[in-house]
Amino acid sequence: MDAINFDISISQQTSGSCHCALRYEPLGDADGPLQVDLEPGPLPTLLSWAASSINEGSANLDSAQELGHQLYQLLFHGELGEFLRSALQDAEDAGAPLRLRLSTRDLTLMSLPWEFLYDRRRDRLFAVDRDTPLVRYLSDYATFGRPRPLAATLPLRLLMVVPAVPDLDVQGEIARVQAALQKGKLLGQQVELVALGGADGPVTVEGLRDFLQEDGQGFDILHFSGHGDTKGGRGNIRFDDAAGGEKWVAGGTFARTLKPYASPQRPRPLRLVVLNCCEGGISAPRAYGVRTLLGLAPALIQHGVPAVVAMQYQVLDAAALAFARAFYRALVLGDTAGRVDAAVTDARQALESQFEGHRSFATPVLFLRAARGVLFEVGER
């Protein structure tokens, strides 16, 4: 059963305060002020822990839960908390999940790692619970109307794009995704993997455009592995140049390259982009790792891609493998087939159980333009 939407809309900050509006259609609306002062108290230290918690040895369950608790207290206090609890009870009575759709234009607030959100009193970690899928909802981009589920036959076609980044093992990156799909018994029958990179030589944005033009079938999913960065207030993504050096491409240029292939008029439109990008060109860690994604994901959404899954922190190799296996398996099999929010939730749950206390479970971020979490209706060939 698809989830019922619970909308969380936060206004721009003015002098450290802003307004939060909640909407849950069966019960109506609630709203109230938010005081956003990130400097005093434990939150800055916890955010720094999450941003720098790279290896498995940095796992700290208390820190992860405390960060989630602080974010919960920031958002769901007083009447806003009561309204959420009423909505959760109503959705449970209806036998449906409650999809938390967070939207804001405030960069600082959108950059917070809301995927840690944790109700300590009820021991509810929202992002890993199928009853409460958590998404970043980019509701402003309605150029193409709200995407509807489209029929898709198995196997889903997955294009993996891996430029020749010096500090990235390109062949290993491709092999890891192949291994994840094989371990999940998905490769071939459920998912067809096509890789652009490695032995193919440099991966330029022009080469990607040519490859998509020459392919006669289309792809359901594009999975990009490499580097992203934020320069000049916009997201950029690293491709190769023709000689094999680096070429940084603006997020809008990348999105316009993919735009024709996301059109719902195509026999097999691109429905999902997965970005496994880290900020490799930045010498100092950022306080909020999602900033680069806020440049790339909205550009893709604005140009017609219904959903973008991206990593807000650098990913452990073992975690990337576990995520790919759990995510693609849930996306094509069982009662979660075609439901990207449920697939991301299942993958987060797999990461939380395998890397307890580590930030891995909160690393995948789902940006959604579709009103529902269902991207396509999956049918056998």
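Q: Before we start, when does a charge sit over a ring?
A: When NZ of Lys or CZ of Arg is within 6 Å of the ring centre and within 35 degrees of the ring normal. R101 lies over the face of Y137 that way, 3.8 Å from the ring centre.

Q: What kind of model is this?
A: A predicted one, where local features need pLDDT of at least 70, side-chain atom pairs count only at pLDDT 80 or more, and totals for chains, interfaces and linings use all residues. Residues are numbered from 1 along each chain as its sequence is written, and side-chain values use heavy atoms, with hydrogens and water left out.

Q: OK, how many aromatic pairs?
A: Twelve, counting Phe, Tyr and Trp rings (six-membered ring for Trp) with centres within 6.5 Å; planes under 30 degrees apart are stacked, over 60 edge-to-face, the rest tilted. One of them is F6 with F83, tilted, at 5.9 Å centre to centre and 35 degrees between the planes.

Q: Which parts does that pair tie together?
A: Strand 1 (residues 4-10) holds F6 and helix 3 (residues 78-94) holds F83, so parts 77 residues apart in sequence are tied together. Helices (H or I, at least four residues) and strands (E, at least two) are DSSP runs, numbered from the N terminus.

Q: Are F6 and F83 buried or exposed?
A: Both are buried, meaning under 20% relative accessible area, with exposed over 50% and partly exposed in between (1.4 Å probe, protein chains only).
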